[in-house]
Amino acid sequence: MRFDTPATTNPIDQLKVVGRPTDRIDGRHKTTGTAPYAYERHDVVPDQAYGFVLGAAIAKGRIAAMLLDEAKAAPGVLAIVTTLDMPRLERGMMNAAYLFGGPVVQHYHQAVAVVVAETFEQARAAAYLIRVDYEPEAGKFDLAAEASNAPLVGDDSGEGSSGPPEVRVGDFEGAFKAAEVKHDESYTTPDESHAMMEPHATIAAWDGDQLTLWTSNQMIGWGKRSIAKILGIPAQNVRLDSPYIGGGFGGKLFIRADAVLAALGAKAAQRPVKLALTRPLIANNTTHRPATIQRIRIGANRDGIITAIAHESTSGNLADGKPETAVSQTRLLYAGANRLMAMRLAPLDLPEGNAMRAPGEAPGMMALEVAMDEMAEKLGLDPVQFRILNDTQVDPENPNRRFSHRDLVGCLRLGAERFGWDKRNAQPAQVRDGHWFVGMGVAAGFRNNLLTKSAARVRLDGQGVVAVETDMTDIGTGSYTIIAQTAAEMMGVALDKVVVRLGDSSFPVAAGSGGQWGANNSTAGVYAACVKLREAVVQRLGFNSADAVFADGAVRSGNRSVALAEAASAGELVAEDFIEYGDLAKTHQQSTFAAHFVEVGVDALTGEVRVRRMLAVCAAGRILNPKSARSQVIGAMTMGVGAALMEELAVDKRRGFFVNHDLAGYEVPVHADIPHQDVIFLDEVDPMSSPMKAKGVAELGICGVGAAVANAVYHATGIRVRDYPLTLDKLIGHLPEAV
Amino acid sequence: MADPSELNVNRREVMAGAGACAAVAVAPLSAGAQPTPVETPVLTQVSFNVNGQSHALEVDTRTTLLDALREHLRLTGTKKGCDHGQCGACTVLVDGRRINSCLTLAVMHQGNTVTTIEGIGAPDNLHPMQAAFIKHDGYQCGYCTPGQICSGLAVLDEIKAGIPSHVTADLTGPVQLSEAEIRERMSGNICRCGAYSNIVEAMTEVAERQG
């Protein structure tokens with residue numbers, strides 16, 4: 001099905017199932033421990049051996065030799081594959097770092113060997129008997145030191161944020177110089193780790209030249225092509241199966257060392273091999289969100305109208321790596337006639353920087369929305385009002401191009417009302433509650449909506465059960481449930497008459513999970529397949545297709561009503577289709593919007609920051625399942641609190657690695673850090689996005705929330721911190737007098 | 001301070017020493033490698049009760065309780081998130097108390113009674129806490145969920161038993177059930193998807209129903 005004109009009325013608009021808060025259909029399995037994740041597939045293939053991955057102990061250089069005698073002689077060892085056994089392997093899609101092969105070490109904890117043994121304990125013990133002779137080389141590990149020489153580099157994150165090396169509209173420099181009120185500050189965001197709960201894990205089994213990977217991957221289609229490219233085998237010889245994924249956040253968009261080394265280990269041992277990256281390996285072996293240094297300049301008239309806005313960002317990466325697209329949202333979020341956006345990329349020898357939840361916007365909004373807060377204060381305007389004043393309904397770079405639907409103003413107004421914003425004292429550091437300084441902060445949220453092809457197959461059996469098959473993944477996003485809701489709505493059956501099978505590369509290729517594109521596109525693909533199945537049903541039952549109604553497990557036309565199951569009484573009906581898109585995303589800018597409100601308390605003596613209240617108001621098209629969509633947003637808000645207050649991969653600038661590479665050193669929010677969270681979805685549809693009229697929402701929730709926390713800390717204390725995270729050491733020397 | 005000359009090392013000797021170090025660094029590994037004796041794993045018998053069923057296992061003494069459950073008994077509902085006691089995904093109940101099963105060896109549990117998520121309820125026979133997690137959407141990817149539920153049950157018991165926490169205001173009276181107590185006590189169970197707000201609501205509902 002080609003979607004190239006705005007959606008009109010269709011069966012989804014009935015909203016009998018879609019749009020209703022619905023318990024997850026996979027909930028009974030997830031809450032009872034009966035949902036099998038990658039490392040747990042004891043049932044799929046017998047005789048599984050255990051793999052253990054050894055990571056490089058240097059950040060840059062070569063391996064001169066590897067001594068394996070002791071490891072090979074260790075009990076239970078079946079095979080050892082080292083990086084010296086083969087030339088450097090190809091890379092998978094969209095990755096800068098090479099995963100395995102050859103003597104060159106590109107980054108710390110790059111995989112250098114896999115040991116396969118009868119048991120996990122044996123594989124682990126043997127791996128530490130491998131002796132590696134390194135020839136280290138000097139590397140570049142300090143972004144701040146390299147930033148001044150970093151060249152302009154453009155990029156598309158592939159996840160909805162992009163920019164050429166430099167964008168200029170009007171005359172920024174002239175307008176900024178002439179502006180009555182100016183703001184010019186720099187902000188930094190640190191390297192961050194996805195830290196998903198399930199480590200990267202794979203079971204690999206060869207059957208002749210056929211390879212099956214039971215793995216944990218967000219993008220099955222990409223993964224299938226990537227592992228084939230890396231191993232140099234035809235893609236049709238590879239099957240991936242990933243029905244449950246214990247979190248990804250961008251860290252599992254790609255084939256990583258676990259899949260490659262399970263496959264190589266299984267080949268060498270002539271046994272199926274299961275392995276997981278150990279927790280201490282993950283931060284340096286895989287990808288991370290790169291640190292940024294951002295400069296923002298805003299010029300405005302006295303009345304608060306922005307006349308000039310510039311956002312420049314510098315990040316670092318390995319050779320062939322991409323910049324963090326932190327300026328992307330600033331191209332679209334606020335009006336202003338004179339504009340400058342630029343990205344610079346410094347070559348670094350740290351592990352690969354790549355997509356993490358809302359790449360680009362997440363760190364970009366952390367800077368932009370603090371700058372907006374600072375500018376509002378300089379103008380003597382309320383920060384909500386300042387944002388409303390500078391709203392735009394058109395793409396500021398191309399005023400002929402309108403937003404498909406944009407209600408940022410509605411989010412801000414409703415949020416302010418519900419949060420009690422009118423009670424906020426405009427002066428910072430005025431409110432005390434016992435030993436706490438209390439403050440409120442606001443930030444806009446913004447993230448683009450992406451359209452991408454997505455396919456599905458639907459089956460109807462003689463019991464009236466509708467089965468959906470697609471390689472779409474559910475990484476906690478609720479895909480199982482919204483896909484079931486879509487099929488139930490389209491075929492006129494109850495939710496319990498729908499079976500959903502996901503994550504198997506033998507199924508039609510779906511959008512996958514990334515860039516908050518999963519929900520809208522994957523359900524639109526299911527919609528398309530269901531339209532075809534409805535046609536097949538109507539034809540089988542001899543109905544006039546134009547007026548057939550699918551409802552209550554039956555098909556009705558005129559006075560005639562037949563049970564849906566009847567259509568498959570002579571044999572299963574199968575339909576397959578995909579959604580693909582015309583130019584609607586080019587003719588109209590499709591984005592999602594939010595307003596984040598946060599109240600914090602800052603301990604007057606210690607500078608400890610506690611988040612007391614959080615509210616997000618989101619405008620993201622039709623909300624398919626308000627229950628799981630709310631969870632996506634509160635989860636993103638939680639990760640945003642982490643980014644604001646604690647998350648930071650500490651760089652050892654001499655040895656070139658992330659020091660705090662486990663869940664004790666890399667701090668993420670825990671229960672005690674997060675209060676009750678409120679989310680409001682504006683009741684809206686976007687007919688430009690797909691027949692579902694939905695847009696992405698999973699990443700919108702993190703975009704802006706960090707800035708709202710930082711703005712609340714400023715409001716509480718009068719201390720403006722522009723270097724994330726806002727740890728107490730950055731506050732404690734500057735706190736107002738406690739007494 | 002000692003006179004540097006007393007060290008009796010001249011520049012030539014220092015340089016020679018540095019050269020020797022450099023030579024060692026680039027020498028083939030095999031030249032200096034002393035083969036260490038490789039010991040065969042020590043296997044030990046251990047028996048414990050898991051979810052009402054007795055199990056007698058022969059395990060490597062290095063095997064954690066977590067791996068004994070997941071790899072030997074194939075009870076994969078208990079999750080391995082970090083293997084270092086940092087995340088709580090492996091939380092199980094041993095003799096009624098919650099522990100991180102990755103931080104304890106299987107052989108240390110002779111005669112113990114272990115309850116895992118599989119022993120708490122089943123898909124067609126949910127425990128009220130499991131049902132409350134579903135109702136309040138107290139999970140997303142599901143990987144930390146069994147640990148959260150095991151911890152959640154133990155936390156309510158700990159509060160009932162009067163065991164104080166960091167946020168307990170009055171150490172002499174009974175411990176009050178509050179969201180602050182729940183959040184404090186659950187903080188060893190990380191949920192990176194960020195379902196905390198919903199988990200607290202699920203636990204509160206179960207606690208209030210228990211009375």
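This is a predicted model: local features need pLDDT of at least 70, side-chain atom pairs count only at pLDDT 80 or more; totals for chains, interfaces and linings use all residues.
Two residues are taken to be in contact if their C-beta atoms, placed from the backbone, lie within 7 Å.

A:Val45 is found in the loop between α1 and β2 (49-55) of chain A. Once its neighbours within four places in sequence are set aside, A:Val45 is in contact with A:Ile203, A:Ala205 and A:Pro272. A residue is buried if 20 or more other C-beta atoms lie within 10 Å of its own, and exposed if 12 or fewer do. A:Val45 has 17 C-beta neighbours inside 10 Å and therefore counts as partly exposed. As for A:Ala300, it stands 255 residues from A:Val45 in sequence, and the two are 65 Å apart in space, C-alpha to C-alpha.

The account now turns to strand β22 (residues 436-448) of chain A. This strand is mostly covered, since 12 of its 13 residues are buried. On one side of the pairing pattern, strand β21 (residues 431-433) of chain A runs antiparallel to β22(A) and is joined to it by three bridges. Within this pair, A:Val431 stands opposite A:Val438 of β22(A). The two strands form a hairpin with two residues between them, and A:Gly434 in the turn has a positive phi of about 65°. β22(A) also pairs with strand β30 (residues 591-603) of chain A, in the antiparallel sense and over 13 bridges. There, A:Gly439 is placed opposite A:Val600 in β30(A).

Helix packing may be considered next. Two packed helices are described by the angle between their axes and the distance between the axes. For helix α9 (residues 361-379) and helix α16 (residues 705-717), both of chain A, the angle is about 40° and the axes are 7 Å apart. α9(A) and α16(A) are therefore oblique to each other, and α9(A) passes α16(A) in a right-handed crossing. The contact is made by A:Met365, A:Met366, A:Glu369, A:Val370 and A:Asp373 of α9(A), together with A:Gly706, A:Ala707, A:Ala710 and A:Asn711 of α16(A). By class, the residues of this contact comprise five nonpolar, two polar and two charged.

Finally, there is the interface between chains. In chain A, 57 residues are in contact with 57 residues of chain B. Several elements of chain A each supply at least two residues to the side that touches chain B, among them α1 (27-30), β3 (61-67) and α15 (626-645). α15(A) gives the most to this side, with seven residues. The side of chain A that touches chain B has 23 nonpolar, 20 polar and 14 charged residues.

Definitions and conventions
Residues are numbered from 1 along each chain as its sequence is written. Chains are lettered from A and ligands numbered from 1 in the order in which they are written. Axes are lines fitted to C-alpha atoms, for helices over the stretch in contact, and angles run from 0 to 180 degrees between N-to-C directions. Helices (H or I, at least four residues) and strands (E, at least two) are DSSP runs, numbered from the N terminus. Angles under 35 degrees count as roughly parallel, over 145 as roughly antiparallel, 65 to 115 as roughly perpendicular and the rest as oblique. A crossing is left-handed if the near helix is turned anticlockwise from the far one by less than a right angle, and right-handed if clockwise. Ala, Val, Leu, Ile, Met, Phe, Trp, Tyr, Cys and Pro count as nonpolar, Asp, Glu, Lys and Arg as charged, and the others, Gly among them, as polar. Two strands pair if DSSP finds at least two bridges between them.
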